[in-house]
Amino acid sequence: MSEPASAPVTGPADLLAQRVAATGPRPTVIVDDLHVNYTVYATGRPAKNESTKLLRRAVNMRRARKIHALKGISFTAHEGEAIGVIGRNGSGKSTLLRAIAGLTPADQGAIYADSDPTLLGVNAALINELSGERNVVLGGLAMGLTPDQVREKYDDIVDFAGIGEFIELPMRTYSAGMGARLRFAIAASATHRILLVDEALAVGDADFQRRSERRISELRDAAGTVFLVSHSLKVIEDTCQRTLWIDGGTLRLDGPSAEVIAAYNASVK
Amino acid sequence: MSVVVPAPSHGQPSHDDLAALAAEHGLPKLGSRPGLADYVRQLWGRRFFCFGLARARFRSQNEQDRLGIAWIVLRPLINAAVYGFIFGLLLPKSSRQENFVASLVVGVFIFQFFAACLTDGAKSITGNSGLIKSLHFPRAVLPFATVIEQLLALVPMLVVMLVVALATGEPVRLKWLELVPALLLMTLFCTGIAMIAARLTIHIRDITQLIPFLTRLVFYLSGIFYKSPGGGATGGQSVLAKVLELNPVHAYISLVRGAVIVGEGAPPHTWRLGVGYGVGFFVVGFIYFWLAEERYGRE
């Protein structure tokens with residue numbers, strides 16, 4: 001980090017104060033012209049005739065097809081913000097979150113982020129053949145906690161998930177809702193500076209939803225930034241002040257939730 | 001402060017503005033591969049995760065069957081019995097090693113460790129896509145955990161191996177201590193192999209189809225049930241003897257046999273091979289794996 005050469009001779013504290021005054025809250029995530037491509041291997045190309053189709057099937061020639069999932073997205077997220085992300089199925093919402101979590105690399109453009117953003121989603125499986133107990137421990141360790149810290153948080157996590165004695169059974173025996181609750185409980189146990197939530201709230205029952213909404217606002221208050229992808233516009237409106245509307249891989253609208261949701265509803269109708 | 005973003009990126013902050021803003025607030029760029037030293041540091045930070053994963057996998061692997069953990073030992077023992085039965089009858093006595101039974105058990109057990117590291121190592125990235133897609137951690141944790149899991153399985157096998165050696169008349173002796181450096185070197189070698197296999201599988205999925213054949217080939221070239229032809233002879237060695245001698249798995253088996261079986265002393269050049277392969281494969285494998293760090297989890 002280099003200071004501008006022409007800066008007047010002031011202490012670093014003064015400079016910082018000037019900056020805060022000028023720029024408002026500190027940015028935590030900056031997404032700069034983000035492009036993400038997927039390479040999919042599929043026999044999706046239409047064959048000219050029956051014999052080439054057979055030949056291709058015989059040698060299992062799979063052509064790499066590029067899917068342009070995100071086409072140049074830019075925005076800046078700040079400390080203490082909860083940001084909803086809405087859009088149709090396949091519009092690129094989950095890809096955006098996975099890119100911010102550092103799980104899908106950018107093909108073009110860049111993402112700058114304060115600390116390791118943590119993604120928590122319904123599809124994110126831990127290890128299905130292991131019991132919930134062991135998944136709690138492993139999930140904590142994977143997030144970088146020490147065994148002592150995991151032991152400390154263990155009871156809270158299990159209580160929060162509220163899945164009772166199922167905790168001793170392998171995760172493959174869980175219903176989709178129970179699995180999602182446990183995953184959310186694990187990920188939400190550590191205080192993340194940046195938390196990305198993908199549809200996780202839609203699966204729990206009303207009681208669980210209330211608890212997780214409370215937890216999200218706690219995390220937000222702890223000077224974190226929360227991103228929330230959901231098809232439930234009500235959940236977004238209740239938890240997020242700001243919303244991004246992603247449409248066909250581009251950012252259609254970025255603004256206060258009520259306005260963006262109104263515009264989205266108008267376009268869907 | 002609603003901002004309507006028109007289709008062409010018009011009126012949006014430019015690249016330079018955003019990059020400058022990031023620099024001003026000291027936000028690092030995401031998704032770029034960490035430097036080698038940083039990577040090693042991150043990996044060290046997840047050591048508990050690595051061990052925890054290996055232990056959990058090891059336990060769950062063996063909880064399914066009624067005999068549980070006993071199968072870790074029973075499987076290779078039965079394997080050794082089958083080979084012993086076939087080749088003990090088939091091959092002339094002169095082509096067998098000293099203490100055929102103990103030698104065979106050492107060979108089969110040590111080979112099993114290598115084969116498991118190769119096979120499971122190749123699957124360590126592709127078979128854990130759930131973890132990779134949901135959590136951010138240095139991916140080298142996965143091949144490392146695979147090797148640790150196999151080391152956990154090796155411990156009961158070593159105990160059985162020593163029991164077989166004692167039962168077939170080998171004495172308890174100080175030379176058993178050579179097992180420690182021999183297996184340490186072999187673990188380094190196997191970790192390198194697991195990391196190379198893990199990355200290759202990302203590039204070419206079909207490799208997992210070829211691994212059984214590769215394993216078979218190495219098995220037959222490791223002198224597990226026959227005496228290495230012309231071992232230590234001066235000049236005029238056959239091609240097979242050369243290949244055997246340079247085969248890393250054969251080298252490690254020889255080192256373990258040298259420690260356990262009287263009259264099977266491993267010559268110094270076998271130790272040199274063991275050190276060379278161990279350190280060499282580990283370093284090359286680690287760097288090769290690290291170079292593709294940002295590619296894992298892409299598919």
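1. The crossing of α4(A) and α3(B) is left-handed, a term used where the near helix is turned anticlockwise from the far one by less than a right angle, with right-handed used for clockwise. Axes here are lines fitted to C-alpha atoms, for helices over the stretch in contact, and angles run from 0 to 180 degrees between N-to-C directions. Helices (H or I, at least four residues) and strands (E, at least two) are DSSP runs, numbered from the N terminus.

2. Chain A contributes A:Arg134, A:Val137, A:Leu138, A:Leu141 and A:Ala142 of α4(A) to this contact, and chain B contributes B:Phe48, B:Phe49, B:Gly52, B:Leu53 and B:Ala56 of α3(B). Two residues are in contact if their C-beta atoms, placed from the backbone, lie within 7 Å. By class, the contact of α4(A) with α3(B) comprises 8 nonpolar, 1 polar and 1 charged residues. Ala, Val, Leu, Ile, Met, Phe, Trp, Tyr, Cys and Pro count as nonpolar, Asp, Glu, Lys and Arg as charged, and the others, Gly among them, as polar.

3. The model is predicted: local features need pLDDT of at least 70, side-chain atom pairs count only at pLDDT 80 or more, and totals for chains, interfaces and linings use all residues. Residues are numbered from 1 along each chain as its sequence is written, while chains are lettered from A and ligands numbered from 1 in the order in which they are written.

4. Confidence in chain A deserves attention. The mean pLDDT (the predictor's confidence in each residue, from 0 to 100) is 77 for chain A, and 77% of the residues score at least 70. Within chain A, helix α1 (residues 12-23) has the lowest confidence, at a mean of 50, and strand β8 (residues 242-247) the highest, at 92. Residues 1-12 of chain A have a pLDDT below 50, and this stretch has 3 contacts in the model beyond near neighbours in sequence.

5. Within chain A, α4(A) also packs on helix α5 (residues 147-161), with axes that come within 10 Å and cross at roughly 125°. The pair is therefore oblique, and the crossing is right-handed. From α4(A), A:Val136, A:Val137, A:Gly140 and A:Leu141 meet A:Gln149, A:Val150, A:Lys153, A:Tyr154, A:Ile157 and A:Val158 of α5(A). This contact has 7 nonpolar, 2 polar and 1 charged residues.

6. How many residues does each chain give to the interface? Chain B places 39 residues in contact with 44 residues of chain A. On the side of chain B that touches chain A, the elements giving two or more residues are β1 (3-4), α1 (15-24), α3 (47-61) and α6 (129-134) of chain B. That side has 20 nonpolar, 14 polar and 5 charged residues.

7. The overall make-up of the chains may be stated briefly. Chain A has 9 helices and 9 strands, and chain B has 12 helices and 1 strand. Buried residues (20 or more other C-beta atoms within 10 Å of their own; exposed at 12 or fewer, partly exposed in between; C-beta atoms placed from the backbone) make up 44% of the 269 residues in chain A and 40% of the 299 residues in chain B.

8. In chain B, helix α8 (residues 179-203) packs on helix α11 (residues 248-260) at about 165°, with axes 9 Å apart. These helices are therefore roughly antiparallel, and their crossing is left-handed. B:Leu179, B:Ala182, B:Met186 and B:Phe189 of α8(B) meet B:Pro248, B:Tyr252, B:Leu255, B:Val256 and B:Ala259 of α11(B). By class, this contact has 9 nonpolar, no polar and no charged residues.

9. Two residues of chain B close the note. B:Ile148 lies in helix α7 of chain B and is partly exposed, with 19 other C-beta atoms within 10 Å. B:Ile148 touches B:Cys50, B:Phe51 and B:Ala54, leaving aside residues up to four places away in sequence. B:Gly169 sits in the loop between α7 (141-167) and α8 of chain B and counts as exposed because it has 11 C-beta neighbours inside 10 Å.

Technical notes. Angles under 35 degrees count as roughly parallel, over 145 as roughly antiparallel, 65 to 115 as roughly perpendicular and the rest as oblique.
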